[in-house]
Amino acid sequence: MHGFEWTSADRAGHHGAGADSARLGGHRLVPLATALVQADGRILHWSEEAAALSGYPAEQAVGAYAAHLLVPEHRRGRVAELFQQIMAGPGWSGVYPIRHRDGTDVELEFHTYPIAGPDGRPLLLATASDVRALRQVEADLAVLDGLFTQSPIGMAVYDTDLRYVRLNNALAKINGVAVEDHLGRRVPTVLPGINSAEVEAVMRQVLSTGRPIVDARSHGRTPGDPLRDRAWSASYFRLEDSTGRVLGVSSSLIDVTERFQAEARAARAQERLALLAEATARIGTTLDLQRTAEELIEAVIPRFADFATVDLLDPVLRGEEPAALQADKPVLVRAVAVGEAYEAGLTRAADAVGVTSEYAANRVYTQCLRSGRPLLRAHVDEEVLRGLVPDPDRVGPGVAAGVHSYLMVPVLARGMVLGGAEFVRTRNPEPFTAADVALAEELVARAALAIDNARLYRRERETALTLQRSLLPQEIHRTLGLEIAHRYLPSSLVSEVGGDWFDVVPLSCGRVALVVGDVMGHGIRAAATMGQLRTVARTLATLDLSPEQVLTRLDETANAIGEGQFATCICLVYDPVDRTCTASSAGHLPPVRVAADGSATAVELPAGLPLGIGGAAFESVEFTLPVGATVALYTDGLIERRGHDLDEGIELLCRTLAGRSRTLEESADAVLGALVAEGTDDDIAMILARALPVPTDRIATLHLPGEGPLPSQARRFTRATLQSWGLAVHGDFAELMVSELVTNALLHADAPRRLRLFRDDRTLTVEVADAGGQPPRLRSSAEEDEGGRGMHLVSELAHRWGSRSTREGKVVWAEIELPLRG
């Protein structure tokens with residue numbers, strides 16, 4: 001083997017051919033015995049190999065006569081003559097048997113050299129090897145040499161620096177480089193057209209680990225066949241000497257180009273099938289048009305294309321059905337998804353998402369869209385690229401990015417052109433093929449159907465949401481002493497409208513009614529029922545009916561709408577003066593109250609039956625809402641989750657609302673962030689209301705005793721209060737109404753109990769509470785009647801008036817409209 005230093009270091013063995021010997025590449029190294037003999041035939045030195053071949057250890061051999069030790073008596077005369085000839089001549093080589101210690105003969109090949117000792121005495125240096133072992137090695141080497149030189153398989157030996165030290169003619173022919181032009185050089189130098197870095201990495205691994213590697217693939221072009229890509233399968237193993245010293249690497253190599261190409265074709269086909277299968281599961285997972293386009297991009301990059309974009313016609317993005325493309329008209333498309341596998345700069349050169357481009361009627365892009373057939377430019381140069389891009393400024397960046405192959409596929413669904421998908425290869429060296437076109441058409445067709453479904457869904461959903469929003473309150477009344485935040489989220493998974501609603505209804509004397517309801521089911525019918533119930537609830541609340549009375553009338557309304565129209569509802573009336581909440585529920589979820597200290601609990605209400613069942617009895621519960629406290633009303637879409645109890649959702653809502661550091665709007669956002677998962681399958685309505693302090697210049701109360709000139713006391717109190725509020729201009733009307741209401745209470749009720757003046761930004765309200773149960777009514781009075789005209793006078797002077805029942809009796813109130821402040 002050229003370039004290697006072969007040595008033997010065996011230290012033990014047997015006298016026969018089976019003696020221990022080092023191996024290199026599967027071949028044995030023969031032990032070499034040495035001995036030093038004096039002129040008189042005595043042994044001065046006896047090596048370990050000599051001991052192994054003869055059976056006599058050094059301590060027994062040294063000092064003994066060699067002929068007596070190793071030669072039978074009948075051959076000693078011939079040996080003595082030979083010894084004398086050797087000592088007198090230049091040396092001798094030949095084969096001669098010795099007697100082994102066990103009595104057998106061992107054929108040894110001798111090489112002898114007469115030498116002079118340190119004192120000039122003649123000595124004989126003899127070396128010997130087992131003849132049978134030598135012949136076996138020679139035979140092995142002959143076989144190896146024949147295999148190396150005659151094998152049709154390429155074979156090579158490399159040193160530890162991975163330089164060629166030997167190779168056969170078969171490998172030289174494969175490479176197209178003469179044998180002598182390989183020696184002393186490395187693979188990258190000899191074969192620059194193959195994946196030499198990977199080849200050397202494999203050899204280094206074999207060198208470092210000692211583990212052989214079989215069927216390592218290499219590919220590329222060689223000087224022997226510079227115009228065609230070829231592939232080879234190589235096996236490598238490490239070469240070592242008998243001491244374990246690493247000498248290099250050996251390799252064998254065969255040409256597997258046809259198999260490689262077949263495997264590559266099969267792998268590409270398999271990859272296309274896998275890509276198609278993955279894309280089928282990946283594209284169209286939502287009914288979001290842009291997300292569907294993004295899913296197509298994500299499916300093809302980088303496995304199919306290095307850059308891709310999806311552009312859609314503007315009508316598609318508006319949910320409209322696109323018209324047929326006119327032959328003489330340009331095309332406007334908007335980028336909805338763009339992706340790039342590498343930072344080559346194409347993304348910056350292409351339209352950003354949301355940007356619109358115009359393609360003239362004669363451009364190949366426009367013609368492709370109009371025809372509905374794909375456009376393939378397998379090989380792209382600067383001139384071809386100039387005909388593809390909408391702007392000449394994009395040619396330079398495209399060339400710089402390495403664009404070499406282009407494919408455009410129209411996005412078609414239900415016979416309509418929706419837009420176009422473009423695919424570009426830069427780093428992927430393979431051009432697009434007809435098989436790639438077929439795959440791209442299949443992928444784009446699947447995406448196109450999902451995009452069109454998303455378009456239809458968007459159109460229907462926008463229509464549904466417009467209807468739904470029109471049925472919800474367009475403006476939330478700002479009420480004194482109460483801060484309100486509200487949220488409404490339509491379902492993101494159901495295209496039909498839902499029946500959730502909320503309302504904030506301003507009432508007399510600064511009170512406000514909060515109503516939240518949920519019609520069961522979805523669709524136009526549910527939305528229509530919701531609209532009717534909301535309208536009726538708002539009307540009933542303004543009539544100063546108590547919450548349980550409102551629900552009772554709503555139940556009758558829902559029952560009359562039609563069979564199967566059921567709804568849950570909660571009605572809560574808040575009075576900012578005494579800070580009381582009166583609430584009643586029709587099968588709805590309980591409100592959550594957050595105390596001023598930040599603790600949050602659900603308020604227990606009589607559950608009641610859902611609206612629409614008919615004949616249900618409802619009860620009201622009263623609780624206080626001190627300054628800083630908050631109450632939350634909501635529908636089940638906020639807390640209901642598959643696999644979880646409603647109680648868990650209510651507990652999570654309480655934990656989220658607990659605390660005192662957030663504003664009301666921040667609390668509303670926190671609730672949605674904690675409880676609303678992406679992709680809700682039900683509508684969500686929620687109202688948060690926080691009690692605020694009522695300024696002292698907005699409310700004044702006079703307790704009326706049971707005796708004395710009560711009307712005059714009430715008038716003086718009213719006059720003084722309005723002067724302090726800067727409303728003296730309204731004093732006459734207010735005093736007159738107060739006088740009539742107090743007098744009416746004295747005449748027709750047990751007695752007036754309290755006068756309260758209340759003003760907000762729009763109205764001044766006077767109210768008189770008494771112990772009577774009958775509401776006042778307008779009566780006809782003859783000219784000669786002395787009374788009966790008080791409530792007529794109040795009705796004429798007031799913007800509006802009315803009465804409501806209380807636990808102690810009733811309250812009669814009247815409002816004076818205040819001019820808006822500039």
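Colleague: In this predicted model, is Asp40 buried, partly exposed or exposed?
Modeller: Asp40 has a relative accessible area of 42%, and the middle class runs between the 20% limit for buried and the 50% limit for exposed. Since 42% falls in that range, Asp40 is partly exposed.

Colleague: Which residue forms a salt bridge with Asp40?
Modeller: Side chains of opposite charge can pair when their charged atoms come close. Here the closest N and O atoms are 3.6 Å apart, which is within the 4 Å that a salt bridge requires. The partner, partly exposed with a relative accessible area of 31%, is Arg42.

Colleague: How many residues apart in sequence are the parts tied together by Arg759 and Asp697?
Modeller: The side chains of Arg759 and Asp697 meet in a salt bridge at 3.6 Å, N to O. Arg759 lies in strand β30 (residues 752-759), whereas Asp697 belongs to the loop between β28 (684-691) and β29 (699-703). Arg759 is buried at 6% relative accessible area, while Asp697 is partly exposed at 35%. The pair therefore ties together parts whose separation in sequence is 62 residues.

Colleague: Which strand holds Glu767, the salt-bridge partner of Arg754?
Modeller: Arg754 and Glu767 form a salt bridge in which the closest N and O atoms are 3.6 Å apart, and Glu767 is buried, with a relative accessible area of 2%. Arg754 lies in strand β30, and the pair ties together parts 13 residues apart in sequence, because Glu767 lies in strand β31 (residues 763-770).

Colleague: Turning to the rings, are the planes of Phe304 and Phe432 stacked, edge-to-face or tilted?
Modeller: The search of the whole structure finds 4 aromatic pairs, and in this one the ring centres are 5.4 Å apart with the planes at 40 degrees. Stacked planes must be under 30 degrees apart and edge-to-face ones over 60, so the pair of Phe304 and Phe432 is tilted.

Note on methods
Residues numbered from 1 in each chain as written. Predicted model: local features only at pLDDT ≥ 70, side-chain atom pairs only at ≥ 80, totals over all residues. Heavy atoms only, no water. Phe/Tyr/Trp six-rings, centres within 6.5 Å; stacked < 30°, edge-to-face > 60°. Buried < 20%, exposed > 50% of the residue type's maximum accessible area, 1.4 Å probe, protein only. Helix = DSSP H or I, 4+ residues; strand = E, 2+ residues; numbered from the N terminus.
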